[in-house]
Each structure stands twice: as C-alpha cells, then as structure tokens.
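This briefing reviews selected features of a single structure.

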Amino acid sequence: GDFDRTDFFANYWEKRTCVIHHKDPRRFVHLLSREQFMDEEVRHCRVLRGAYLDPQGWPSEVKIRPGQAKKVFESGMTVAASMLRESGEMKAFLDSFRDCMFGVAPHFNAYYSPDRKGYSVHFDAHPVWFLQIDGSKHWYLGRKPVVRNPPMTLGFPPDREVLRLPWISVNKPVLDDPQQFMPVTLEPGDVAYMPPGTWHRASARGYSLALTLASAHISAADLVCGVLRDSLSAPQFSALMERVGGIAAAARGGDGALSADLEKVLAERLAAVKDLVSRIRVEDLRRKFAQLAALPTEDLIALNVKKGA
C-alpha cells in the first residue's frame, strides 16, 4: 500500500514487528476465498494438516486428506495448508514480492481456523507476513525478536517457566506485558510483519482465513560453502571429501601413529580450504545469492532440509 518501503527496511526489517491496518476488506479477495481454499487449494498444497491444542495445552498436528478438511474444521481444528500452489493471482503476487523485496523464493501457507482456535505461543526461524483474508484473528504479537537468527522454529511448552536448549535459554513469554507484546485484531485487508525469533500467538474471532507469506533461508555460510563447491576442481573435491577416519585407520600401528597421521591429514585439508576461501570475492557471493534466490521454493527448502540433516 502506501507504507513507506525505506521506513520499513530502516526501522522494522529484522528489528521489530509492524502492523498495517489498510481498512480495505477487499484488498486481498483476489488471492483467496474460503470456497476456493476448501474446494481447490487443500487439494494442491504440499502438506495438509489439522492443528489443535491437546488438553494439556501442547500443540498437535495430524496429516489429513483433502476430503477430511471440512469435518476437521467443524470439529474445532485449524486446517493448515503448507506451500500453496503458485498459480494465477497468487503467482503474480509472489513474483512481484520477489522482484521488489529481496529476491529470495517466497511461498504462501494458509490457515482456516474456527472460533477461538489457533496456534499456541511460538516463534519462526524465518521472517513472516500475515495477510488477513476473511474473518478476524486476534493476535499477541511480540514487539521484537527474543532470539536473533534462530536455527529453528520453536514453540514454548505450556508447563515450563524457562526453556533451556543447547543453544539458548528463554523465559516464558508474558502475553499481558505491554512491553513484550502488542494485542491486535487483524481484519480483512490488514497485514502484520514479524522478524524471525519473535514470539506470537493467535486465535480466530468467529472464524479466520489468513495467508502467511514466508521465505526460505539463505545464510552467509550458504553462500561461502556454495562458492567453495563451485570452485573446487575434481582432485580438490576428492581430497576434501575423503574420509579422514579411513586415512588415519590405515596408518594404525605404533604408539601415537593414529593421532599424528590424523593431524597431518586435517592440517592439509584445512590449508586447502583456507587457500580457497582467500580467493573468494564479494562478486562471487553476490552471484551465488542470485543463483540460490532464483531456485523454485521447493528446491530451496529441500536444500535447507538437506543442510540441516
């Protein structure tokens, strides 16, 4: 809309939450309707689930078939469709978003929730935009990230005061603390943006159909590793991929032979990597970013999954 792009990137992007009330209930009607979602999109999305909270307050999901979507919604579950097909108006929107924002492959998820239903407190590992399509959804939106660049999406357990993980410890979010959260109700046409690592919780008012615009993650390490892979000659690649355990085991014999051989092999490999890294230019990284950003959404997500594994 008329929200200033320069202001957004200077003051909100990856820094704090932004809510835009357009007061135009028909702003996104060309993208999706309840009928289109239930009749068509549930059949073409990548993953279809029914989402709910169990009696102890733990979030739960179950994979469902398209023909079950109506009954799942009527039973009080949220119908969650991940990675909607890119066609028609949605494809045009995503193409425009890719061109004018930052190039990385975006995708839409859709959530159709009955009255007072939604997801529990969590944060995502990627930036998200919420587009309210139909109905209303009440949010508790964290004002800023509690974790910078989190490695994974995280839900806060309902029975804990402190969540301790190998990489961080976080306190239980206090939803009624105005310093931490802003309560807001999104109506049709409204938009909210949240940086990665920002707590949020939502529940429908009457019912809610919303789109979440998300993007796959490209890190600086992805670019460096990608350039290295591209620049390796066949002998270099073979040497770096050789199993050091096998090399060291082949020299097993006298006292200390295993350790000395392993240190020698690792030192050689490390020197080779340092030499290759010293030759990387900023232009090489820029080209790798453009190459990854041009990948279809599913391919980029698959790359992240493989990397995480």
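A residue is called buried under 20% relative accessible area, exposed over 50%, and partly exposed in between. Cys 225, with a relative accessible area of 39%, is therefore partly exposed. The model discussed here is predicted. The points below are grouped by topic.

**Cysteines**

- Cys 45 has a relative accessible area of 13%, and because this falls under 20% the residue is buried.
- The structure holds zero disulfides.
- In general terms, a disulfide is a covalent bond between the sulfur atoms of two cysteines.

**Helix H5**

- Helix H5 covers residues 220-231 and comprises 12 residues.
- The buried residues of H5 are Asp 222, Leu 223, Gly 226, Val 227 and Leu 228.
- An α-helix has 3.6 residues a turn, so residues three or four places apart point the same way.
- Ser 231 also belongs to helix H5, and its relative accessible area of 39% makes this serine partly exposed.
- The C-alpha atoms of Ser 231 and Ile 280 are separated by 9.2 Å, while the two residues are 49 residues apart along the chain.

**Nonpolar cores**

- The largest nonpolar core contains 35 residues.
- Within this core, the residues with the most contacts are Phe 37, Val 79, Phe 108, Trp 129, Leu 131 and Leu 211.
- Another core, of 11 residues, lies apart from the largest one; Phe 130, Met 182, Met 194 and Ala 214 are among its members.

- The largest cavity holds about 50 Å³ of space.
- Its lining consists of Ala 51, Tyr 52, Leu 53, Pro 59, Ser 60, Glu 61, Thr 78, Gly 118, Tyr 119 and Ser 120.
- Strand S2 (47-53) and strand S3 (59-63) are the elements that give two or more residues to this lining.
- By class, five of the lining residues are nonpolar, four are polar and one is charged.

- Tyr 111 is located in strand S5, which runs over residues 106-114.
- With a relative accessibility of 18%, Tyr 111 counts as buried, because the value is under 20%.
- Tyr 111 and Ala 80 are 31 residues apart along the chain, and their C-alpha atoms are separated by 4.7 Å.
- Arg 116 is found in the loop between S5 and strand S6 (122-123).
- Although Arg 116 is not a glycine, this residue has a positive phi of about 65°.
- Arg 116 has a relative accessibility of 66% and so counts as exposed.

**Loop between S7 and S8**

- Asn 149 is placed in the loop between strand S7 (128-142) and strand S8 (154-155).
- A positive phi, of about 50°, is found at Asn 149 although this residue is not a glycine.
- The relative accessibility of Asn 149 is 60%; the residue therefore counts as exposed, the cut-off being over 50%.

Technical notes: Residues are numbered from 1 along each chain as its sequence is written. This is a predicted model: local features need pLDDT of at least 70, side-chain atom pairs count only at pLDDT 80 or more; totals for chains, interfaces and linings use all residues. Side-chain values use heavy atoms; hydrogens and water are left out. On a 1 Å grid over the protein atoms alone, a cavity is a set of points where a 1.4 Å probe fits but cannot get out, and a pocket is an open set with protein on both sides within 12 Å along at least five of seven lines; lining residues have an atom within 4 Å of a point. Grid points are joined across faces, edges and corners, and a volume is the space filled by probe spheres set on the points. Helices (H or I, at least four residues) and strands (E, at least two) are DSSP runs, numbered from the N terminus. Ala, Val, Leu, Ile, Met, Phe, Trp, Tyr, Cys and Pro count as nonpolar, Asp, Glu, Lys and Arg as charged, and the others, Gly among them, as polar. A disulfide is a pair of cysteine sulfur atoms within 2.5 Å. Buried means under 20% relative accessible area, exposed over 50%, partly exposed in between (1.4 Å probe, protein chains only). The expected span of a helix is 1.5 Å times one less than its number of residues. A nonpolar core is a set of buried Ala, Val, Leu, Ile, Met, Phe, Trp, Tyr and Cys residues joined through side-chain atoms within 4.5 Å.
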